[in-house]
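Please read them with the structure open beside you.

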Amino acid sequence: MTLDSFSQRRHGRAVFATMAPDDRAAIGTVHDDLRAAGYDETGIRALSGIPLLDLHPAAFHHLDRHVLGTDPLSAAIRLFLLDRAVAEQAVRSFLSGPSLDVLLSLGVLRRADDGFRSQVHITCVDGFLLATDTGRYSGWWTGADDLGDRVMYAGYDSVGLAGIAPRDRVGRTLDLCSGSGIQSLVASRYSEEVVGVDINPRAIRFARFNAALNGIENATFVLGDLLGPVSGQEYDRVVSNPPFVPEVPGERHLHYRDGGPDGERLLARIVSGAGQILAPGGLMSLTTDLFNLDDLPRRIGEWLGARDGFDVLVLVERRLPLWAYADTHASHAPTTTERTAYAARMVDALDDAGIDSIHTGYIVVRRQPGDRPRPGDVRTVGIAGSVTRPAGSHVTDHFRFLDFLDRDVDGDADGVLRPNPAVSLVTTVKPAGPATHRLVAPEDDYLADVEISDLTKKLWEAAASSDVRWSVIRGSALGPVAEELVRQGALTLRES
Ligand SMILES: C[S@@+](CC[C@H](N)C(=O)[O-])C[C@H]1O[C@@H](n2cnc3c(N)ncnc32)[C@H](O)[C@@H]1O
C-alpha cells in the first residue's frame, strides 16, 4: 500500500489531495506564521545546535526533552521536524486560526489525543520553507507499506545541486525529477518561468504546495516521465537530481532513490536528451553518484551521441569506499544484523553492475552557443567538498573561459588576469627541504586547495600586484599555467 493509499484509508484523504487555488492565501499565512516564530535555518540552528541537513532521529529525544523549551519556535520544531505530538495550545502559539484550518484541511496536520501531529516535515533551504515526507531514516524496513511514493527530504545532493546550478538570469528552466520542488523554488528566483516534472503524483502535490507556501507564481509542476511532458520545447537551463542509487535485487522500490542496476538508468536518458531540450548556450546541471569515474567521460559522450556541440564539466566531490556507500544505504535497518546483510547484498549488486569506484559529484553539460559546433571540451575537476552555498558562478566562469579561448584562436581576444579574492597563497617553510606553496579558499565550497609550483606562484604574485594581460603571456611558458589557474577558478580573466 503506497503512502497515498495508506493515508486515504487511515485518514480519509491523501496529503494535499484537496488543495485548490483558493487555498493559496491561507497557505501564505502558514509561511508568515512560521517566519514570525523565527522558523528559519538560522533560528533552528541557533536553538537546536544542529545544522538542518544533519538533523537525525538519534538527536530527536535529546532535543525534545533537554534542549527545546516552551516557546513558539520550539513547538514548531517539535511538530514539523521531530515527529512529536504537540498540544493544541502550543500549536496555537505559532499558528493562526486560518493556518491551522488550512493545514488540517490539506491533511498536513491531524488531531492526536495529545494535540496535533504533522504528516510532513517542513524544513528550510536557501531561504525557502520546504515540505517533504517524514521518515527519512525509518519506516522502510518495518511497516508492510510500500513507501515507493515517499517524497524525498532535502539532502546534501539536493542542496548541492541548488548550489552548483548557475544563478544568472535566464528565461526558462526545466527541473527534471522535481520531487519536493526544491530545485524549482531556487530556480524561480533566476528564471522567468520554471517547469518541474515528476513521475510521482504525490511529489507533484508537495511541489505545488511548496510553491504556494513560498508565494512563488512562476513555477508549474507536471506529472510525467522525464522529457515526455515537455517534448518539442527548449530550455535555457535544465536542473536534475534523478534517482541514482544502484538497485539491490529483491529490495523494495523507492521512486526517489532507485536508478536501475547500474544507477545510471535515468541519468543516461536525461543526458541523451540534452540535444533536444537545451537551447543553444543552455546548461544542464545534474547531481549524481559518479560510478567508475575514469570511464565516465566516455559514457557521457556515448549518451550525448556526439562530442561535437557539447561541453562537459564533471565536478568530483569525494570518493566513497564501496562498503561505506552500501552501509549508508543500509542505515535504515532496525538491527545490526539486518544492516550488515543489506550492505553485503548491495556490495554484491555493485560488483554485478561492474561498479568499482564511487564518487559524489555533479555533471554539467552545455550545448555550445552558435550554430557551428566545435569539438567538445570535457573536463573533470575536483571540488572542495560538500556544496551548501551558491557556487554556480564558478561553472559560469568555466564556460565563459571556454568561449574566450574559442574566440582567441586567432589571437583576437584579450583580458586581464586577477586572483580570485576568495583565494589565498599559503607558503609552508619546513626545516628541511624546499618550501611548498598552496592556493587555498577556506570559505568557498567549490575551490579545492591545490599545491602549486614556483612558476605558478610567480604568475599568481604578478597578477596580484599588477595587470597581467593574456595577450602578453599566452604564447609563453606561463600561458598553460595561466589557463590551468583560470580553469581551477584561482585566477579570473576580465575580458577587455
Ligand atoms: C532524488 S529525488 C530528487 C528530488 C528533488 N529534485 C531534490 O533535488 O531533492 C528524484 C525524483 O525523481 C522522480 N522520478 C523518478 N523517476 C522519474 C521519471 N521517470 N520521470 C520523472 N521523475 C522521476 C522521483 O519521483 C523523485 O521525486
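**Notes on the predicted model**

1. D403 touches R366, P369 and R374, not counting residues up to four places away in sequence, where contact means heavy atoms within 4.5 Å. D403 sits in helix α16 (residues 392–407), with helices (H or I, at least four residues) and strands (E, at least two) taken as DSSP runs and numbered from the N terminus. At 18% relative accessibility D403 counts as buried, since buried means under 20% relative accessible area, exposed over 50%, and partly exposed in between (1.4 Å probe, protein chains only). Its side chain also makes a polar contact with the side chain of R366, at 2.9 Å; a polar contact is a pair of N or O atoms within 3.5 Å, and within protein one must be able to donate a hydrogen and the other to accept it, while residues adjacent in sequence count only if both atoms are side-chain atoms.

2. On provenance, this is a predicted model, in which local features need pLDDT of at least 70 and side-chain atom pairs count only at pLDDT 80 or more, whereas totals for chains, interfaces and linings use all residues. Residues are numbered from 1 along each chain as its sequence is written, and side-chain values use heavy atoms, with hydrogens and water left out.

3. Which residues of helix α4 are buried? In α4 (residues 57–67) they are A59, F60, L63 and D64, and because they cover an arc of only 130° around the axis, they lie on the same side of α4; the arc is that of the directions from the helix axis to the C-beta atoms. An α-helix has 3.6 residues a turn, so residues three or four places apart point the same way. The buried residues of α4 pack against α3 (41–48) and α5 (72–80), while on the other side of α4 the residues A58, R65 and H66 are exposed.

4. An N or O atom in the side chain of Q183 is 2.9 Å from an oxygen atom of the ligand, and a polar side-chain atom of N241 lies 3.0 Å from a ligand oxygen atom, whereas a polar side-chain atom of D225 is 2.8 Å from a nitrogen atom of the ligand. Taken alone the ligand exposes 610 Å², and the protein buries 96% of that, with accessible areas from the Shrake-Rupley method (1.4 Å probe; for residues, only the protein chains shown count as cover).

5. F16, in the loop between α1 (3–11) and α2 (24–36), has a positive phi near 65° and is buried, with a relative accessible area of 2%. L226, in the loop between β7 (219–223) and β8 (235–240), has a positive phi of about 40° and counts as buried at 8% relative accessibility.

6. E193 lies in strand β6 (residues 191–198) and is partly exposed, with a relative accessible area of 33%. Leaving aside its neighbours within four places in sequence, E193 is in contact with G171, R172, T173 and N218, and its side chain makes a polar contact with that of R172 at 3.4 Å.
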